Amino acid sequence: MDVIRKEALWINNRFNPHWVRARLPVMQQFQQRQPSAFSTPRGLGHAGRLVRMEQLWQEFFSDPSQWWDNRLTKKRPKHPDFKHKRTLEVLWVDGWMNPSWVKEKMASMTLSHIQSGDGLRSRVPDCFCNGDKLSKLCKEGRLKEALHMLELMVQQTTKPPIPAYVCLLKGCSRRKALAEGKQVHALIVQSVLDSNIFLANTLVHMYSKCGSVLHAHKVFSNMPQHNVYSWTAIISAYADSGEVEEAINLFHQMQETGLAPDKVLFVVVLKACARLATLEQGKQLHSEIIKRGFQSDVVVGNTLVNMYAKCGCTEDARELFDNMSERDVVSWNAMIAGYAQNGLGKEALALFEQMKQEGVHPDNVTFVLLLKACANLAALEQGKQLHSEIMKRGFQSDVVVGSTLVDMYAKCGCTEDARELFDNMSERDVVSWNAMIAGYAQNGLAQEALALFEQMKQEGVHPDNATFVLLLKACANLAALEQGKQLHSEIIERGFQSDVLVGSTLVGMYAKCGWTEDAREFFDNMSERDVVSWTAMIAGYAQNGLAQEALTLFEQMQREGTKPNEVTYISVLSACAHSGLVDQGRYVFDSMCKNHGVTPTQEHYACMVDLLGRAGCLADAEHFINKMPIQPNSVVWMTLLGAARNHGHVEIGRRAFDGVVKLEPKNAAPYVLLSNIYAAAGRKDELATMSLPSCFSKLFQLAS
């Protein structure tokens, strides 16, 4: 048997020539005397084959030009990759008897060998190296073969094939194949085509899609001239990578050059404004869009609706939506999303009814948005109605819709219904598992969440960073330190320890379990820290009564250049309140408003009232509420009422009670607290004359 060509002969075959039997003894004697390098001696067996294979590869690399390259033309894997022109011996790149050094050596063979005449000579004719074949290879994801064909096209043609470069660059963009894209770029530079504006634009786009903004900007900077497509490509690159401010700055630079933006560029920049919530910039763009006559374009209109909604201007978004000359399902989804994102779930559901009345068919995105609105409202009945409509329209098998349904039922407290739906899903991905785990964790069923995680691993589903964040929060709520440590080990094993969100949640888990030293050690060793990481550690100190440590870390955070956010200030104020640090708390609150430009929320005001109330400064706390620039909510008044109960201050307690009841007349808690104040002060007459709602009167009669 010929081990190279895999062809076989039989001595007793009836088709053999008559002289075969006479020649065999002579051949055997010759082999015994002097084994040929081209034969496999009987005594060597497998070892001889390996030696011969190594000899062939050495011959190949010593002079590749003596071998035909059949890698592009072969139709089946069993056909050889290389064939010797004279001896017709064959080689396979992935042959199982190849020496270990073959693949490394093959990778080192560069295009320069081919162009200098020392490399492989393909048997592919010029007509075979055409754009159709290259396009087919790119669409099939066979980028390495397409790249090899492009090299052959450069070798065989006098005029460089620009459409071929573009085709392969687009294939690299789709597959996010940065390495292959760089090789194409190198070929473009070698062919002195890097000054071609069309190719340069495509290169910028390719680097952008592959996530390499640095390379994209380098190509853009080296371009001799730019058109609107060049600017769109580089602005999109920065916007897609999250560097939105730089994207907007580049847009302004383009305007200074005198180039007029087209509608595609307006869409890109409007999305950037939406992400930054820069309303004024968005309004300026809107004016320019009207000036240039793009307002009637449905894509531009949809992006404008989305921008206004993301900036919190739902009324402006709705006005624009109502005045659109043409609307598609994306327009309706943009407006529904705007309502849902701004906490206007009822308006989102009402718009859905209007959408159906106008005969617009919702898609899976519509139902995902509406289910999220129902989840935020805990509107179970509307959620069930949507579930029925999803079944009717055949979207129940969509994995994203199914995962959002699980999330909706869980957020409405129906974990059993959520689990039944989860178990019956025809297809589940990691998002589906995360939705169910989150449902258990949010409803206080942390053990069930951890058990589901074990089932997830048994079924071969790989958890992502969101999975670990949810599970760590479940462990923190249970103060389940051992399970948290096991998760920590698995996080390291799966390589998520460098993820800043996972790291921040680990800090919070250790701190909530009372292990502030371990939390601080992990925090100090984090390779990257953001405002969430600092806030988690500060909150950990605050929860464990270590106010001074919290304040010290807060100061260190600012020294290192991390700007605190609203949640950070809540944690610091809470630490001051629980430790009676009134002056420090006041200073932090003032610096939040004056130095860092953070607008206080109801929660910040409640923290300040709690700080003053715990310290016994009830008059100051009441004065603070009366001077608030926004209307105090029931939580702020309840905080003052609780402080009045603790310090036995009847008059302030009565005024705080009036503030709560005015906002929440059916809330029983203020009646209980005020009755406790009256009872502690011995004012039985006032207790008897309390005007209770009918729903509480029987309760208080039984209690008395």
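How many disulfides does the count come to? A disulfide is taken as a pair of cysteine sulfur atoms within 2.5 Å. By this rule the count is zero. The model is predicted, so local features need pLDDT of at least 70, side-chain atom pairs count only at pLDDT 80 or more, and totals for chains, interfaces and linings use all residues. Residues are numbered from 1 along each chain as its sequence is written, and side-chain values use heavy atoms, with hydrogens and water left out.

Two cysteines illustrate the result. The sulfur of Cys-311 lies 6.2 Å from the closest cysteine sulfur, that of Cys-313, which is too far for a bond. Cys-576 is in no disulfide either. Its nearest cysteine sulfur, in Cys-607, is 9.9 Å away. Residues are called buried under 20% relative accessible area, exposed over 50%, and partly exposed in between (1.4 Å probe, protein chains only). Cys-311 counts as buried at 18% relative accessibility. Cys-576 is buried too, with a relative accessible area of 0%.

A nonpolar core is a set of buried Ala, Val, Leu, Ile, Met, Phe, Trp, Tyr and Cys residues joined through side-chain atoms within 4.5 Å. The largest such core has 198 residues. Tyr-165, Ile-234, Ile-235, Met-509 and Leu-640 touch the most other members. Helix α13 (residues 263–276) supplies the largest share of this core, nine residues.

Helices (H or I, at least four residues) and strands (E, at least two) are DSSP runs, numbered from the N terminus. Helix α18 (residues 345–357) has 13 residues. Its expected span is 1.5 Å times one less than its number of residues. The buried residues of α18 are Gly-345, Ala-348, Leu-349, Leu-351, Phe-352 and Met-355. They cover an arc of only 160° around the axis, so they sit on the same side of α18. The arc is that of the directions from the helix axis to the C-beta atoms. The face turned away from this buried side carries the exposed residues Lys-346 and Gln-357. Just after α18, Gly-359 takes a positive phi of about 80°.

Contact means heavy atoms within 4.5 Å. The cover over the buried residues of α18 includes α16 (314–322), α17 (329–341), α19 (364–377) and α20 (380–393). Asn-333 is found in helix α17. This residue is buried, with a relative accessible area of 6%. Leaving aside neighbours within four places in sequence, Asn-333 is in contact with Asp-363, Val-365, Thr-366 and Leu-369.
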